[in-house]
Amino acid sequence: MKKNLVLLGPPGAGKGTLAQRLASEHGLLHLSTGDVLRDEVARATALGQRAKDYMDRGELVPDELILSMVKERVEGRSGILFDGFPRTLAQAEGLEKIAPIDAVIFLEVDKDTAVKRLSARRICPKCGAVYNLVTQPPKEDERCDRCGTKLIQRDDDKPEVIARRFEVYMRQSAPLARYYEEKGLLIRIDAGRSPEEVYAAALRALRDDRP
Ligand code: AMP
């Protein structure tokens, strides 16, 4: 599968979970702008220092920073799975100049389900693995199955920031579904289901979508 794909959906829709599996089983480059930014923040780079306040507030990092960060990583490559990008119309338009997009998977989920998932989410700060304390707990008490590191809760998964991220999503990112629908690229998936069901549905849709 050497397509360029975009994963769209609100926080808590399961974009990262689906992306990790799709990327590893189909040889795609998983580009999560959130993961890249968290890494930049952890390493206190110039970009990380500029991005941190926006992220802590649950707001979007300015488009020009995001676009140059993405461009640097994908130029000349194909088979990229964009996760959490684009998030604004300006980013979507910028992306058209960086890489052609073959399909956009829109993970649809209601707000209650998404908020429950975000509150129970824990991540491994070392390898990036994602867990859910209720539906996908680690084998050993809050430690990563892959590397044994103590799991953490993302600062922006705390309740007050979750609410803000949702508002930002509705205002700035939700219109992207329409944008890609008009281009005939949008694939809607009911993401209120288990990760296995969502993965199977996404694969089916991508196969059916093949020209
Ligand atoms: P995520 O891991 O995708 O939920 O992203 C975490 C945070 O990183 C977001 O709340 C934003 O502050 C920032 N971020 C990630 N991707 C983008 C993007 N494409 N545009 C602007 N900000 C972003």
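This passage describes the surroundings of the ligand and then the salt bridges of the protein.

The structure is a predicted model, in which local features need pLDDT of at least 70 and side-chain atom pairs count only at pLDDT 80 or more, while totals for chains, interfaces and linings use all residues. Residues are numbered from 1 along each chain as its sequence is written, and side-chain values use heavy atoms, with hydrogens and water left out.

We can start with the ligand. Its shell holds 16 residues, of which Thr33, Arg38, Glu59, Gly84 and Gln91 come nearest; a residue counts as near when one of its heavy atoms lies within 4 Å of the molecule. Six residues of this shell are nonpolar, four are polar and six are charged. Here Ala, Val, Leu, Ile, Met, Phe, Trp, Tyr, Cys and Pro count as nonpolar, Asp, Glu, Lys and Arg as charged, and the others, Gly among them, as polar. Helix H2 (residues 33–42) supplies the largest share of the shell, four residues; helices are DSSP runs (H or I, at least four residues), numbered from the N terminus.

Several polar contacts (pairs of N or O atoms within 3.5 Å) can be followed here. A polar side-chain atom of Gln91 sits 2.9 Å from a nitrogen atom of the ligand, and a polar backbone atom of Gly84 is 3.0 Å from a ligand nitrogen atom. On the side of the ligand's oxygen atoms, one is 3.0 Å from an N or O atom in the side chain of Arg154. The ligand on its own has 480 Å² of accessible area, and the protein covers 96% of this, as computed by the Shrake-Rupley method with a 1.4 Å probe.

Now for the salt bridges, each a side-chain nitrogen of Lys or Arg within 4 Å of a carboxyl oxygen of Asp or Glu. By this rule there are 23 salt bridges. One of them joins Arg43 and Asp39, at 3.1 Å from N to O. Both belong to a network of salt bridges that links Asp39, Glu40, Arg43, Glu72 and Arg73.

In another pair, the closest N and O atoms of Glu167 and Arg164 are 2.6 Å apart. These two residues are separated by about one helical turn, because they stand three residues apart in helix H7 (residues 159–173). Lys139 and Asp145 also form a salt bridge, with their closest N and O atoms 3.9 Å apart. Lys139 is exposed, at 76% relative accessible area, whereas Asp145 is partly exposed at 39%; buried means under 20%, exposed over 50%, and partly exposed in between (1.4 Å probe, protein chains only).

Conventions
Polar contact = N/O pair within 3.5 Å; in protein donor to acceptor, adjacent residues only side chain to side chain.
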